[in-house]
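Work through the exercises below with the sequence and the coordinates at hand, and try each task before reading its solution.

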Amino acid sequence: SRHHAEWFSPFLLKKMLSMLNGKEGPRCLLAVLLLFLCALIFPHEAAAVAICQLLHFIYSSCRARRCRGLAMRESDGGIAEKTPAGPGYTITAPSQKVKAAGCWSRQIEGAARAGQPEVAAQLMEKMRRSGYWPDTTVYNSIIHSFYKEWQTARAEAVLEEMVAASVARIPATYNVLIDVAVKRDDVESAEHWLKRMNEDGALANEVSYATLIHGWVRRGKIGRAEDLLESMAEEGLEPNVVCYNSIITACSHAGDSSAATAWVTKMCSRGITPTVITYTTMLDACAKYGDIQGAEMWMESMADLGVEPNVVSFNSMVDACVKGGDMERAHKWHLQMQAKGIKPNAYSFSVLMNGSAKAGDVESAARLLKEMAAAGVPASIFVYSGVLHACSVAKDVKLSEEIFRQLRADGLKPNIVTYSSLALTYASSGLWIKVEALVKQMEKESLAMNSHFLFAWLLSYTKGKPRQADRAEAAFRKAIAAGVEGNKHLVGILTTALGKERCQRTLQDMKLSR
């Protein structure tokens, strides 16, 4: 059966039979006889799996005993000879007294884990010349190490050596190759390895297909991923929740919520319970279009099946309400999340703050910022910039200054977006002196100006009482000389500040076109 192929290889049988002649012989023989007797009494696939696992455990335990015995004799001239093999790693060559295959295997696997596949390959060659044959684990470690170092040709060469030596291949031999190929976005190679492992009798499992499906999904080839999902049934494999989630996520990102819903339905019809990731994906799909009713339906479905939503699920639900323009509902779901004992994260607050800012509710955004600090959730510079932008739209100078001071108190360094938002708040009220102070502060911090800040700077002179035309022209010349690119918005505000004729003369003098 497939399970025998995975758990009970000819190599394992050979090793266990060889141990019958050792000190562990009587115990091993008795265990084997009892287990095969159980196999005759309980001829079920589940019993076969358990028997093979127990046989594997007996062999591993006996091998561990032998290794401990060898280690105790190291002081008699055992493993002592050491040869440097690159930075951070040392090869230990077994002496003539103690030539244990286990010692070779540990050194080879150690070199492979250290990211030195060439060293591991050299050790394996020495192991063969010493009369010991590498097993599946040794070959796998070298193949995987070569592939992780992107040495594809060398990995394939070692695999061919493994085939030529008639060493048993297992799904893990190929699954890492498929995984690395997918991570390199080389899905065609991953498909080749899936085909090859079936031809070699390793038999692809759920992990093999799930990884390949994920690879095609990342490429945007949803149709190919769906074909693979269907072909799993033909191979006698039941697609797991990971396979379905990959396709559902792809459909969601493509904006095809109906296809995503259809796959969830098919998943449930096959007796696979959707996970919180499945539901969160569907909630995210609803959030993109502000589908509040659809999102609430998925939340109710989660509750009916006993699947507990997480913070990402609630964030998507709140986002759906915000994009749907229902801030009251958004706040309700935010409170419900906290009532369930789920701690909100930075995104939870930022979604609500952005919604409040767009709705012109600056006080609500500022209150959420304080709640965020009280909850122990650190606010990023982007969160502060969003609230400051809302203050600029509302022209609330006092609140803007309060939030900017809080930003400094939290140890955050303002960026150009932060300064631009604060400058726009000052500019709307004609407070050009305060905008000039911001310019000096930015120069101290070696922060380059952009077109958005320059617009606010020019606007402050335009709104000033009286209008500061000379200062506006000087500011424009300084900013352009510093590398800020002009645009139609800057020319428009400059025209308002200087007047049409003076603006044209200034642009001609600076050799700039409108």
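The model is predicted, so local features need pLDDT of at least 70 and side-chain atom pairs count only at pLDDT 80 or more, while totals for chains, interfaces and linings use all residues. Residues are numbered from 1 along each chain as its sequence is written, and side-chain values use heavy atoms, with hydrogens and water left out.

**Exercise 1.** Describe how the axes of helix α12 and helix α13 cross, and which residues meet.

Solution. Begin with the elements, which are DSSP runs numbered from the N terminus (helices are H or I, at least four residues; strands are E, at least two). The axes of α12 (residues 222-234) and α13 (residues 241-253) come within 10 Å and cross at roughly 160°; axes are lines fitted to C-alpha atoms, for helices over the stretch in contact, and angles run from 0 to 180 degrees between N-to-C directions. This angle makes α12 roughly antiparallel to α13, given that angles under 35 degrees count as roughly parallel, over 145 as roughly antiparallel, 65 to 115 as roughly perpendicular and the rest as oblique. Next, list the contacts (heavy atoms within 4.5 Å): I222, A225, E226, L229 and M232 in α12 meet C243, Y244, I247, A250 and C251 in α13. By class, the residues of this contact of α12 with α13 are nine nonpolar, no polar and one charged, where Ala, Val, Leu, Ile, Met, Phe, Trp, Tyr, Cys and Pro count as nonpolar, Asp, Glu, Lys and Arg as charged, and the others, Gly among them, as polar.

**Exercise 2.** Determine the angle at which helix α23 and helix α25 pack, and the classes of the residues in their contact.

Solution. Helix α23 (residues 416-428) packs against helix α25 (residues 451-463) at an angle of about 15°, and their axes are 8 Å apart. That angle makes α23 roughly parallel to α25. On the α23 side the contact includes I416, Y419 and S420, and on the α25 side it includes H452, F453 and K463. The residues of the contact of α23 with α25 divide into eight nonpolar, four polar and one charged.

**Exercise 3.** Identify the residues that line the largest cavity, and the element that gives the largest share.

Solution. The lining of the largest cavity is formed by A366, L369, K370, L399, E402, I403 and Q406; on a 1 Å grid over the protein atoms alone, a cavity is a set of points where a 1.4 Å probe fits but cannot get out, and lining residues have an atom within 4 Å of a point. Two or more of the lining residues come from each of α20 (362-374) and α22 (397-409), and the largest share, four residues, comes from α22. The lining of the largest cavity has four nonpolar, one polar and two charged residues.

Methods: On a 1 Å grid over the protein atoms alone, a cavity is a set of points where a 1.4 Å probe fits but cannot get out, and a pocket is an open set with protein on both sides within 12 Å along at least five of seven lines; lining residues have an atom within 4 Å of a point.
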